[in-house]
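Below is a briefing on one chain. It covers a loop residue, the nonpolar cores, the salt bridges and the model's confidence.

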Amino acid sequence: ELPALRPHALALSPDHSLLVTAGRADQLLVIGAQTGKIMQNVLLPSAQVHAAPTLMSASLGPDAQAQLSFAGLAFSPDGSRLYLSNVRGDLKVFGVGEDRFVSPLFSIALPPANAPQRTNEIPAGIAVARDGKKIYVAGNLSNRLLELEAATGKVLRTWDVGVAPFDV
């Protein structure tokens, strides 16, 4: 059972040890892929964007308004990072330790979509480059694919892709 969660996406870690899910809640569930048992309930990181990837400060607190947007949940190829599309216009970034412990790290703000009645982008699907250095995000409101530098969140390139992209 997934208490108080309506799952929208699943992601399996590259080593097949973790299954993560999120949905209409401000949390991420980490499940043992072999056992099916919930190992962690992780609150989504603060909306405050950090300049450097550090563990979330307790003074910043979690982002209680955050929740998974569409299908945006992906591990980096080496399994050390997990990325989540937040319906409120940013990406939530988590670290995954060698002990398989998942920690909220920081948020990456996305450029505004400037759509009618809403400024913030709605990020959808996510893909991570094989070397883990770039993140590709479907911008559902701006009708673009965004290429981001994983370390800094800097937008490197964008492509117009048609109406309301859902996944990468």
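Asn-140 sits in the loop that joins β10 (134–139) to β11 (144–149). Strands here are DSSP runs of E, at least two residues long, and are numbered from the N terminus. The model is predicted: local features need pLDDT of at least 70, side-chain atom pairs count only at pLDDT 80 or more, and totals for chains, interfaces and linings use all residues. Residues are numbered from 1 along each chain as its sequence is written, and side-chain values use heavy atoms, with hydrogens and water left out.

**Asn-140**
- Asn-140 is buried because its relative accessibility is 13%. The classes are buried under 20% relative accessible area, exposed over 50% and partly exposed in between (1.4 Å probe, protein chains only).
- Its side chain reaches the backbone oxygen of Pro-165 at 2.8 Å.
- Beyond four places in sequence, Asn-140 is in contact (heavy atoms within 4.5 Å) with Phe-70, Glu-121, Ile-122, Ala-124, Ala-164, Pro-165 and Phe-166.

**Nonpolar cores**
- A nonpolar core is a set of buried Ala, Val, Leu, Ile, Met, Phe, Trp, Tyr and Cys residues joined through side-chain atoms within 4.5 Å.
- The largest core has 17 residues; Val-20, Leu-28, Leu-73, Leu-82, Leu-84, Phe-94 and Val-102 touch the most other members.
- At least two residues of this core come from each of β1 (7–12), β2 (18–23), β3 (27–32), β5 (68–75), β6 (81–86) and β7 (90–96).
- Another core, of 15 residues, lies apart from it and includes Tyr-83, Leu-105, Phe-106 and Ala-150.

**Salt bridges**
- Side chains of opposite charge can pair when their charged atoms come close. A salt bridge puts a side-chain nitrogen of Lys or Arg within 4 Å of a carboxyl oxygen of Asp or Glu.
- The count is 4 salt bridges.
- Arg-100 pairs with Asp-15, with the closest N and O atoms 3.5 Å apart. Arg-100 is in the loop between β7 and β8 (102–109) and Asp-15 in the loop between β1 and β2, so the pair ties together parts 85 residues apart in sequence.
- Arg-100 is buried, at 18% relative accessible area. Asp-15 is partly exposed, at 44%.
- Lys-134 pairs with Glu-147, with the closest N and O atoms 3.8 Å apart. Lys-134 is in strand β10 and Glu-147 in strand β11, so this bridge ties together parts 13 residues apart in sequence.
- Glu-147 also forms a salt bridge with Arg-157, where the closest N and O atoms are 2.8 Å apart. Glu-147 belongs to strand β11 and Arg-157 to strand β12 (residues 155–160), 10 residues apart.
- Shared partners join Lys-134, Glu-147 and Arg-157 into one network.
- Glu-147 is buried, at 1% relative accessibility. Lys-134 is partly exposed at 31%, and Arg-157 is partly exposed at 45%.

**Confidence**
- pLDDT is the predictor's confidence in each residue, from 0 to 100.
- The protein chain has a mean pLDDT of 87, and 88% of its residues reach 70 or more.
- Over residues 49–60, pLDDT stays under 50. The model has 22 contacts beyond four places in sequence for residues 49–60.

Definitions and conventions. Helices (H or I, at least four residues) and strands (E, at least two) are DSSP runs, numbered from the N terminus. A polar contact is a pair of N or O atoms within 3.5 Å; within protein, one must be able to donate a hydrogen and the other to accept it, and residues adjacent in sequence count only if both atoms are side-chain atoms.
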